[in-house]
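Let's take a walk through this structure together.

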Amino acid sequence: MTSIGVLQIAIFLGLILVCAKPLGGYMARVFEGQRTFMHPVLRWLEVLTYKLIGVKEEVEQRWTQYTAALLSFSIFGFLLTYLLQRAQGFLPLNPQNFNAGNVSPDLAFNTATSFVTNTNWQAYSGEATMSYFVQMAALAVQNFASAAAGMAIAVALIRGFARQEKKTIGNFWVDVTRATVYVLLPISIIGGLLYVSQGAVQNFKPYTEVTTVEGAKQVIAQGPVASQEVIKQLGTNGGGFFNANSAHPFENPTPLSNLLAMFLIFVIPGALTYTFGKMVGDTRQGWAIFAAFSVMFLIGVFVCYHFEQAGNPIIGNLGVQTAATSGQSGGNMEGKETRFGIANSALFATVTTDASCGAVNSMHDSYTPIGGLVPMFNIMTGEVIFGGVGAGLYGILLYCILAVFIAGLMVGRTPEYLGKKIEQKEVKMAMLAVIATAFSILVFSALSSVMTFPEKGYWNPQGAATANMNNSGPHGLSEILYAYVSGTGNNGSAFAGITVNTPWYDLTIGLAMWIGRFLFLIPLLAAAGSLAMKKKIPSTAGTFPTHGPLFVGLLVGTVIIVGALTFFPALSLGPIVEHYVMQTGKLF
Amino acid sequence: MWEQILPGLRIKIVMTVLLGVIYPLAMTGISQVIFPKQANGSLIKAGDKVIGSELIGQTFSKPEYFHGRPSSAGGGYDATASSGSNLGPTSAKLIHGTTKMDDKKNEVVDFDGISVRIVHYCLDNDIAYESSVPLDQFKDAKGDLDDVKLIKAFNDDKKPLVFTPKASIPADAITASASGLDPHISPDSARAQIARVAKARGSQADQVNQLVAQFTEGPDLGLLGEARVNVLKLNLALDQQFPVKK
């Protein structure tokens, strides 16, 4: 590790810390319906939206109605995204003449699911599959929509803790509209223009034909990239315009745009901790969560950075420089860009998987075993290290419930969190969410590891499903495991060597995304509903404080232990065994 | 029931119009006015012909040009097929390469592998090396190195070829980038190529060295990212200042 690399990591986290209070306070006002400095500019758009969709701003919903609204929002999002992809041949802004032949029904299902669940897993290569119109009107719109839905649910859960003896938890349509109009859209406009200033493209031109200096033909893909790139990061979506995602120079042209990207990914999740503290009336509670986030983030980033900088001893033994010098970055440069080097690649990989983003500026498949274990483990925790917009906060609140429950068991008291008794129903709902996601990851990975397909089958080419892997040995298992981890965790990054655009993988990874999103969300909304109805009990000398270092430690421990115990066996067969095998120089 | 469901359809339509059509159109309009060069791909023109983009790497293989990094995008620097190799650290294919049979049943290179790239990097740039078997054994009838023979020798289970350079090779020079379109190389990788480029152009090494120094960009704001050299821009400047004598 170099000192300038460490300094860049510190500056990045510092920026997120500095923005947490102003943005978090602003969002608290937005979601509570109070006036902000943006109201004179944007209030008309909010009111117009309510009029167009036929919703009354002041009417609130019970948790069941809130859930029904979320499902309706997701299903129509899914249907339209599916249809637009299949109909792209008949739609405008399609200079490369892509049509339904480029997007098979199973791929369209997988992609629509992916962009509805905030996963943005991509079984396709953007520049060779999707028209400009589909990218902007189907995919980019879902980038806004799924992010707004995530924020809405986080706010509904906060209301569950903040309110007492109330049957309602807010109005889904109002929360989604406010998230979009006051938070996502204004930041996207500014951020998008910053992207263009750095060199991200924003046009509708056909691909540019070039005669290179040595006289070869080169065709350069174009498109309305910057406007989608910014919401891809801000909404922790991660679905790239191009196949190479944020490694592509038109998506992420400079180290400065790279810092912007990582900032956009973490800024809302970081600020929502303050929003939480503000709305429950005790900002220390929010800062405690921010501290837990930061501890887990720093552990991950330094482990990843260390192993990527140490590099691959097999390549080092061939006579390749692995130490960083002033003239080159050393380390494991396979699948990394020169302008980002090791530090900014490892930092980006950690950030994108701490959050449910999944954009990549380097290829995780080519990481060293432990360097690649970090992103995988980050997603396995349920992405509760800052996490996705909204998703990170509601995920960590679930772990808060578990943490106070475990603490309560140890001392034999009924657990409380923020003055609410945590009882059977809340703990059951939290456990349901944890078990559903673990089940999805492990069962689908196991199935794909043993499945074989007969000749002339529809689902996958003949033979074992493991034949779709790009690497053999333990690294191959990591590829399959990462695919279902990423799908279930709604992350979207990949060990991208594996061929996943077959009906078998499209369908099972698609199902993993539905399970990971909705079997996580619905139990949480149910818990929010039951919490909102409870009375707050005053804290006494016997109340376990949930804002001090002891609670932060307990929370971090709970996250790591739940993740480690659930997935350790699978991880030891993949990345951990590969790490030791790599030291011996064995190849597969 | 319908009062929870219908807004879902309506809001989807509203969002598609506002965020899927108006927003990107407005962003394109503004970008085309204030950042026309960047918004259109930072293209470089010679006269009215487009010869590339500052941000997208190109294949360079002639000795008089600086070479970019190995690329896994299509057949190499294919800007409609951005991609990394996605090969893991214990992949034999990544380290030693693979061969395949082409349509005419000739054995050809499938993937060149890091070992083979190191051999070429040493030979191209006159870097001293030790080899367990003299490289002459892998030459074809014309006297050029045959990569198929090299790959087979590296993959030989019993007595694999061992090739050791006497100076360390910059990590970026023999590894493929994430996008396959990386426009940059490290300053070390550029410096290692100076002698070859100067010789091929019949110019002085220190003149080329000065040009490399001039085209070495430091980290952004003196802090962010890595020092780097834009290969296309450097090569264009070379052609201008030290044209190849024909």
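Start with H12(A): eleven of its twelve residues are buried, so this helix is largely enclosed by the rest of the structure. Helices are DSSP runs of H or I with at least four residues, numbered from the N terminus. Before going on, know that this is a predicted model, where local features need pLDDT of at least 70 and side-chain atom pairs count only at pLDDT 80 or more, while totals for chains, interfaces and linings use all residues. Residues are numbered from 1 along each chain as its sequence is written, with chains lettered from A and ligands numbered from 1 in the order in which they are written.

Among the buried residues of H12(A) are Leu373(A), Phe377(A) and Ile379(A). What do the buried residues of H12(A) pack against? Their partners are helices H9 (283-310), H11 (341-354), H15 (474-488) and H17 (549-584) of chain A.

Now for how the chains meet: 95 residues of chain B are in contact with 108 residues of chain A, where contact means C-beta atoms, placed from the backbone, within 7 Å. On chain B's side, helix H1 (residues 2-34) gives the largest share, 21 residues.

Finally, chain B has domain 1 (12-41), domain 2 (43-83 + 182-246) and domain 3 (85-175), with bounds from an automatic or database domain assignment. The centres of domains 1 and 2 of chain B, taken over C-alpha atoms, are 33 Å apart.

Definitions and conventions: Contact = placed C-beta atoms within 7 Å. Helix = DSSP H or I, 4+ residues; strand = E, 2+ residues; numbered from the N terminus. Buried ≥ 20, exposed ≤ 12 C-beta atoms within 10 Å, placed from the backbone.
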